[in-house]
Amino acid sequence: MAKRATSPEKEPVQQEAYTVLARRYRPQQFGDLIGQEPVAQALINALKSNRVAHAYLFTGARGVGKTSCARILAKALNCVNGPTPTPCGECDMCQGIASGDDIDVLEIDGASNRGIDEVRSLREGIGSRPARARYKVYIIDEVHMLTTPAFNALLKTLEEPPPHVKFIFATTEVQKIPVTILSRCQRFDFAGIGTPRIVERLRRVVADEKREADDEALEIVARRAGGSMRDAQSLLDQLLAFGNERLAAEQVHSLLGTANDDRVVELAAALLERDPKRALELFTAFADEGVQLGELMDQLIAYWRDLMVLQAAGEQAKDLSLPNRHRPTLAKQAGAVSLDTILAGLDVLSSAKARMRTSAHGRTLVEMALVRLARLDDLVSITQLAQLFSGESGAFAPRVPNQSAPPAPRLAPRLAERADHAPDAVKKKSLTDPAESPLTAPALELTESNLAQVWEEIVRQGGLALGSVLRNCELPAISAPNTLVLRASTGYNALRENVARIEEMMRKVVGAAWRVQVEAWQNPPSKAPQAHTTSATAPPLPSSQRQWADLVAREPLLQRAVEVLGAQRVQCDPEFAVAPSSPADAGPEEESASPDR
C-alpha cells in the first residue's frame, strides 16, 4: 500500500508589529513641533550661533512635545552633517536616536531611576567619551521624581560637565525641582496646544491613514485631549480601530460615554426655562443610554462656561466647547439671563462635580444639581441691592455686552413683583416718581423757598453711606448763581471726595448744572437746624410697633425696604440710626466716615 505523501507544514506568517499613531507621527524636525514655535526657534538659533548650553530643562503638560524635542536636539548635535538645525534623519546616528537605540544618547526614566545609586552610576559614565557620536546626551524624563540626595549628587556634575556631555531634563511638575538645579539649566516652557492646531494635525493623520472623519468628531477628540497632542493621537487611534470607514461624532460620543451635543443643548434649555421635570426626564434618558455621570457634568460645566464667555465677551467670543452651529442658540440663552445667574449656575455644577469624587451617590448629586439649576432665579449682586434700597437712580439699568443680544434682566422677578404690589401710600412718598414730584421736571428754578425740599431729595438719593453724612451737615446756602456752599462738621473728607456725585444728583433733580463747594464747619451750634430732616435731634425711638410708621418715614433705607420688599418690623434697637446731637457725641469712626463704608 503506497504511503501518502506528507505535505510540509506551513510556517506561520509573521505579521509586522503595529506601531501606534503617537509613535509613527512623532515630530522628527524642529519644524514639526506644533504649538512650540518659540522653543524651536530658540534652539535653532542656538545651533546656528554655536551657543548650545550644557543643560536644558523642558517643562510643560503631558504630550506637548518635550521628549520629542529632546530627541530632535540630540539628533541635531550628533548628525553626520551637524551640528545643524536640520538633521538629515537618514544617517545611522539620526535613525538610532529616533528609535532610542543609540548608545551615546541615553534616555533615563526619572521615576524608576530616582535614587542616589543610579545618579552615581550616571556620574561614572560621564567621564568616558562617546563611542561614535559627537556628544554624549543624557535625557532624563520626569526628572522631578529624583530624590533630594540624588539631586544633590548631580549638582556639581551638572554645573561643570565635560565638554562632550549634554543634559536634557523633561518634567511636568517643575515646582518640585530644587532651585539649585533650576539655576544650572536653561529652562523652556512648552505651552498647551490649541484645539484648532490639534484638529488640523488629526485631519492630516486621518488622510495619511486613508480614512475619513467628520470635522465635528475631530473637534470632540481635540477638546477631550486638553491641549495634549499625544492624548489626541492615542484617542484617534482607538476610534479608528473602533469605528467604520468614516469616523462620526456619534461614534466618538458612544466610545467616550458622553452625551450628544444636541441633547446637551436641549437639557440646558430645559434648565434655563425653569423646567425641572423636563430636565430630569432628559437626564434619565441619558443614564439609560449609558452616558457617564462625570462626563455629563463636565459637558454641563463647559456649557455654562460658554454662556459666561458669551455674556461677558459678546457673540464674537472664541474657543467655545460646542460646534459653531450651536453658537446662535448659546448667544440667545446667554442674553436671556444675567451674568450673576450664570456664575451661580457654574458654582452649583462645580460643587456637585467635586462632591461626586468622594460620594457613592453620584446620580443623586447630579439630579440635585439639575433641580437647583432649574429653580435658580435671576440674581443681582449685593451692590445692586444696596443701590436699590438707597434709591440711587439707574441702579438696575441693564448692561448689554453685545448689541445683537437682548438685554439681560437685572432685577429679580420676586423683587419686581413686590415692588409692583407695594402700598400706594409708600409709593407716593418717593420724590423721584415723575408723575408725583415736580422736582424731576427739567430746569427747576432753585430758590431759598424750595431748597429744603430739593436737598431732602438729594439726601435720599445719597443712599445709606453718603446720605448719613449729608444728613449731619447744615442746610446748604445759595452763594452765587448755580452754586451751593455745604458746611460740614463731620465727614468733611468724605464730602470732598464725593463732590462730583453730589453735583450729578443736583443735575438730575434740578435739571441744571450746579456747583457744590464744601467748607469745614469749625464751631457748629449744639442743635443745628435740620430743615431737610424732621427728627435729627429727636430722642431715641422705643422699639414699639406703634412707632414703626414714624421710623419708616424717618429713614430712607427703611422706606425703600418697605417699598420694594414689603418689609415688616421684627426687632428694632432703640438707638437705631440716631444722629449725635453734637460733634462731641460722635465717635472717631463717624468723624472719618466715608461713603464707601
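Colleague: Is the crossing of H12 and H13 left-handed or right-handed?
Modeller: This is a predicted model, with residues numbered from 1 along each chain as its sequence is written. Local features need pLDDT of at least 70 and side-chain atom pairs 80 or more, totals for chains, interfaces and linings use all residues, and side-chain values use heavy atoms, without hydrogens and water. A crossing is left-handed if the near helix is turned anticlockwise from the far one by less than a right angle, right-handed if clockwise. For H12 and H13, the crossing is left-handed.

Colleague: Are H12 and H13 roughly parallel or roughly antiparallel?
Modeller: Helices here are DSSP runs (H or I, at least four residues), as are strands (E, at least two), numbered from the N terminus. H12 (residues 261-272) and H13 (residues 276-288) have axes 8 Å apart and an angle of about 155 degrees; axes are lines fitted to C-alpha atoms, for helices over the stretch in contact, and angles run from 0 to 180 degrees between N-to-C directions. Under 35 degrees counts as roughly parallel, over 145 as roughly antiparallel, 65 to 115 as roughly perpendicular, the rest as oblique. H12 and H13 are therefore roughly antiparallel.

Colleague: How many charged residues does the contact of H12 with H13 have?
Modeller: Contact means heavy atoms within 4.5 Å. H12 brings Arg263, Val264, Glu266, Leu267, Ala270 and Leu271; H13 brings Arg278, Ala279, Leu282, Ala285 and Phe286. Ala, Val, Leu, Ile, Met, Phe, Trp, Tyr, Cys and Pro count as nonpolar, Asp, Glu, Lys and Arg as charged, and the others, Gly among them, as polar. By class, eight are nonpolar, none is polar, and the charged residues number three.

Colleague: Which strands are the edge strands of the open five-stranded sheet?
Modeller: Two strands pair if DSSP finds at least two bridges between them. The order is S2-S3-S4-S1-S5, with parallel pairing. Each edge strand pairs on one side only. They are S2 (105-109) and S5 (186-190).

Colleague: What angle does helix H2 make with S5?
Modeller: H2 (residues 37-48) packs on the sheet and touches S1 and S5. Its direction and that of S5 make an angle of about 150 degrees.

Colleague: Is His144 buried or exposed?
Modeller: His144 sits in the loop between S3 (136-141) and helix H6 (148-159). Beyond neighbours within four places in sequence, His144 contacts Phe151, Thr171, Thr172, Glu173, Lys176 and Ile177. Buried means under 20% relative accessible area, exposed over 50%, partly exposed in between (1.4 Å probe, protein chains only). With 8%, His144 is buried.

Colleague: How far apart are the C-alpha atoms of Thr341 and Met308?
Modeller: Thr341 lies in helix H16 (residues 339-356). At 6% relative accessibility, Thr341 counts as buried. Met308 is 33 residues away along the chain, yet the C-alpha separation is 9.5 Å.

Colleague: Which residue just after H21 takes a positive phi?
Modeller: H21 (residues 451-461) is mostly covered, with eight of its eleven residues buried. Among them are Trp455, Glu457 and Arg460. Just after H21, a positive phi of about 80 degrees is taken by Gly463.

Colleague: How many residues of H26 are buried?
Modeller: H26 (residues 556-565) has ten residues and is mostly covered. The buried ones include Pro556, Arg560 and Glu563.
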